[in-house]
Amino acid sequence: WQSATSLTGTGHTGASVTAYNGYIYYVGGCKTVYSSCTTAGNDDNEIYIGQASGTTITWTNTTYPTNTTGANYPASYDLGAFAYNGVLYMTGGFNGSSPQSAGQYATINTPTTFGTWTALPSLTSVHARGSFGLAIYGGYVYIAGGWDGSSNYYNDVIYSSITSGGTLGGWSSVSSFTNARKNPVAYVWNGYLYVSGGYNGSSYYNDIQFVPITNGVPGSTWATAQTNSNPTYTFTVTSANATAGATYTNNGVTFTVASTISGQTTLVATASSPPATSGTLTKALGTGDATITYSAFAANKWSARYGLAAAAYDGDVYVMGGYNGTTYYTDSYYAPINAGGAGTTGSWNSTSSLNTVRYGATTEVYNGYIYVIGGEGSPSTSQAEPAGAYSFTVPSGVTELYVTAEGGGGQDGSNH
């Protein structure tokens, strides 16, 4: 990870981020740690606009109106913002402790100026909420989970078409996943909607659930993607691999035999290449055994948490940071999507950690970089983690990408 140009001004948690036409838009948020976001005056109605070129981001900022006729959308955090077809949208979130049902949109006239702000359809009929996952796909916007700031956590998906006139077609609720939660991440890849992570007031999650999208509508039956990432390997004992020092490769993992196999002795193998975690596996052989089957070492699987950042890019999903009520994380992981079948994920692998702990940060993928912006640091800090932007280079040559919802609220999942 590299340090990119920071936002100007105060650090933020619970903002939302999107990218459009060469610019990153960082919307709303809370100018302090989450525990103080309900205090009047800590919520923000700023829009930071960054022109990104690798680790260099040129930032300017403006504000969105909080009393537009027919909209009345206040400064909010844990909101969802996204850009689509030349229009910037924002909806839901919290102003203080009050969940918002309102939303508004405006045409992006130039990268730093907007047209008239107009009200979006209300979330009232599908529950005003914040702290949700948000994704964009094929002319539709999807909101997954969230909560009302009190005791109600949601596990439904609400969705709307994005009309050619710029507004939304109206919200519908469909397709409940397992375990209601706030601050999950959501992303779409290859026609499937994914939801992962989150917190329901007592439990933290690291499951990955997915459902197909047909003609814009999420299906009714959710499935769980591979979570433990412990694939099974078969080792056939032959004269070629039965001696110490022999190597054996299965499913992309190379093992080295550490002791001679004979009769009822023990096979001890050490993984020496991904996706298995480095370690030693011991398997006792029975008399006459010629083939043994065992589970691989536990892969680098991220622990249950919420407020994490995530992105889907070039066939892989990345997760970074987050919080589990005790620990603020810097770790980062990735896994291939659709490995082993539609909707599934392959083994998780660890990659470079963030430079500082991050909870409620936003994530955007743009022009070959993953950007992680803002967020809350350790629980001892009296204000938000500095509004740093961190970037991670991803492979070149990709022409389409999908970006997930971030843990603080939501961000766009459109292609750029």
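Asn 179 is partly exposed, with 34% relative accessible area; by that scale, buried means under 20% relative accessible area, exposed over 50% and partly exposed in between, with a 1.4 Å probe and protein chains only. Everything here comes from a predicted model, in which local features need pLDDT of at least 70 and side-chain atom pairs count only at pLDDT 80 or more, while totals for chains, interfaces and linings use all residues. Residues are numbered from 1 along each chain as its sequence is written, and side-chain values use heavy atoms, with hydrogens and water left out.

**Two asparagines with positive phi**

Asn 179 sits in the loop between strand 16 and strand 17 (185–189). Strands and helices are DSSP runs numbered from the N terminus, with at least two residues (E) for a strand and at least four (H or I) for a helix. The phi angle of Asn 179 is near 70°, a positive value in a residue other than glycine. Most residues other than glycine have a negative phi. Asn 183 lies in the loop between strand 16 and strand 17 and has a positive phi of about 50°. Asn 183 is buried, at 2% relative accessible area.

**The largest pocket**

Asn 183 is also one of the residues that line the largest pocket; others include Tyr 34, Tyr 77, Asp 78, Phe 94, Ser 131, Trp 147, Lys 182 and Tyr 359. On a 1 Å grid over the protein atoms alone, a pocket is an open set of points with protein on both sides within 12 Å along at least five of seven lines, and lining residues have an atom within 4 Å of a point. The volume is about 170 Å³, where a volume is the space filled by probe spheres set on the points, and points are joined across faces, edges and corners. Five nonpolar, five polar and two charged residues make up the lining. In this classing, Ala, Val, Leu, Ile, Met, Phe, Trp, Tyr, Cys and Pro count as nonpolar, Asp, Glu, Lys and Arg as charged, and the others, Gly among them, as polar.

**Aromatic rings**

How many aromatic pairs does the structure hold? There are 28 aromatic pairs. Rings of Phe, Tyr and Trp (its six-membered ring) pair if their centres lie within 6.5 Å; planes under 30 degrees apart are stacked, over 60 edge-to-face and the rest tilted. Trp 147 and Tyr 153 form a stacked pair, 5.4 Å centre to centre with 15° between the planes. Trp 147 is buried, at 15% relative accessible area, whereas Tyr 153 is partly exposed, at 22%. Tyr 323 and Tyr 359 form a tilted pair, with 5.1 Å between centres and 40° between planes. Tyr 323 belongs to strand 29 (residues 316–323) and Tyr 359 to the loop between strand 31 (349–351) and strand 32 (362–366), so this pair ties together parts that are 36 residues apart in sequence. Both Tyr 323 and Tyr 359 are buried. Ring pairs link a cluster whose members include Tyr 34, Tyr 77, Phe 94, Trp 147, Tyr 153, Tyr 323 and Tyr 359.

Two arginines also meet rings. The charged end of Arg 129 sits over the ring of Tyr 154, 4.4 Å from its centre; the criterion is NZ of Lys or CZ of Arg within 6 Å of the ring centre and within 35 degrees of the ring normal. Arg 305 lies over the face of Tyr 329, at 3.8 Å from the ring centre.

**Contacts between parts of the chain**

| Pair | Apart in sequence | C-alpha to C-alpha |
|---|---|---|
| Asn 72 and Ala 119 | 47 residues | 7.9 Å |
| Leu 168 and Pro 121 | 47 residues | 6.7 Å |
| Ala 144 and Ser 131 | 13 residues | 9.4 Å |
| Tyr 333 and Met 320 | 13 residues | 6.6 Å |

Asn 72 is found in the loop between strand 5 (56–63) and strand 6 (80–84) and is exposed, at 51% relative accessible area. Leu 168, in the loop between strand 15 and strand 16 (172–174), counts as buried at 5%. Ala 144 lies in strand 14 (residues 140–144) and is buried, at 2%.

Tyr 333 has its place in strand 30 (residues 328–336) and is buried at 13% relative accessibility. The side chain of Tyr 333 makes a polar contact of 3.2 Å with the side chain of Asp 331. A polar contact is a pair of N or O atoms within 3.5 Å; within protein, one must be able to donate a hydrogen and the other to accept it, and residues adjacent in sequence count only if both atoms are side-chain atoms.

Key. On a 1 Å grid over the protein atoms alone, a cavity is a set of points where a 1.4 Å probe fits but cannot get out, and a pocket is an open set with protein on both sides within 12 Å along at least five of seven lines; lining residues have an atom within 4 Å of a point.
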